[in-house]
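Here is a quick tour for anyone meeting this protein for the first time. Have a look at the sequence and the model, then read on.

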Amino acid sequence: TALSECLAAEDSVKTCSRGESLCPVQSPASLAEFSSPEPCVYNYKKGFVPDDSRHDILVADMTWFQAKSYCDRTPECSSFTFESRDQRPSKPVTVWFKRISFTDSSGRGWHTYVRSCPQPSPHRFSYLDGLDSSV
């Protein structure tokens, strides 16, 4: 079945009419959306993730929102840490993206956000059991 013949996400239903099929999940972003319907949350911690380049993913100047967006798109990102007067800076600051989330709370002026993603339910696709596979 060609992708143009697939139902759009907003038109997808639990059962399909003859000749219709659901579109395959093709991108990592789409797979993440289906696999974990709840978005990741970021828990704030005062302090910094210790400097160890083995755990660095990226060091870049970004706003808080840009840093959160980057971490959301980067599966290996466990946390991001930066030094600023603001907990959520709207102007770019140097941000370290880390594979670990251990935070040293002694760093004055440092802020860390630890990503926590919910585990998907093992029953999240159970509605597919009712689809007619003979179509």
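## Two disulfides

Search the whole structure and you find 2 disulfides. Keep in mind that this is a predicted model. Counting the bonded cysteines along the chain, the pattern is 1-4, 2-3.

Let's start with the link between Cys 40 and Cys 117, where the sulfurs sit 1.9 Å apart. This bond ties together distant parts of the chain: Cys 40 is in the loop between α1 (28-35) and β3, while Cys 117 is in the segment after β7, 77 residues apart. The link of Cys 40 and Cys 117 is right-handed, with 100° about the S-S bond. Cys 40 has a relative accessible area of 23%, so it counts as partly exposed. Cys 117 is partly exposed too, at 33%.

## The buried pair

The other disulfide joins Cys 71 and Cys 77, with 2.1 Å between the sulfur atoms. Is this pair's S-S bond left-handed or right-handed? The torsion is about -95°, so the disulfide of Cys 71 and Cys 77 is left-handed.

Buried means under 20% relative accessible area. Cys 71 comes in at 0%, so it is buried. Cys 77, at 2%, is buried as well.

## The sheet and its helix

Now for the strands. There are 5 of them in an open sheet, and they line up as β3-β7-β5-β6-β4 with antiparallel pairing. At the edges you find β3 (41-46) and β4 (56-62), each pairing on one side only. From one strand to the next, the twist averages 20°.

Take a look at β3 and its neighbour β7 (residues 110-116): these antiparallel strands are joined by 6 bridges.

## A stop at Pro 50

Where does Pro 50 sit? You'll find Pro 50 in the loop between β3 and β4. Its relative accessibility is 25%, so Pro 50 counts as partly exposed.

Which residues does Pro 50 touch, leaving aside those up to four places away in sequence? They are Lys 98, Phe 102 and Asp 104. Thr 81 is 31 residues from Pro 50 in sequence, and in space the two are 9.3 Å apart, C-alpha to C-alpha.

Technical notes. Residues numbered from 1 in each chain as written. Predicted model: local features only at pLDDT ≥ 70, side-chain atom pairs only at ≥ 80, totals over all residues. Heavy atoms only, no water. Pairing = 2+ DSSP bridges. Helix = DSSP H or I, 4+ residues; strand = E, 2+ residues; numbered from the N terminus. Axes fitted to C-alpha atoms, helices over the stretch in contact; angles between N-to-C directions. Buried < 20%, exposed > 50% of the residue type's maximum accessible area, 1.4 Å probe, protein only. Contact = heavy atoms within 4.5 Å. Disulfide = S-S within 2.5 Å.
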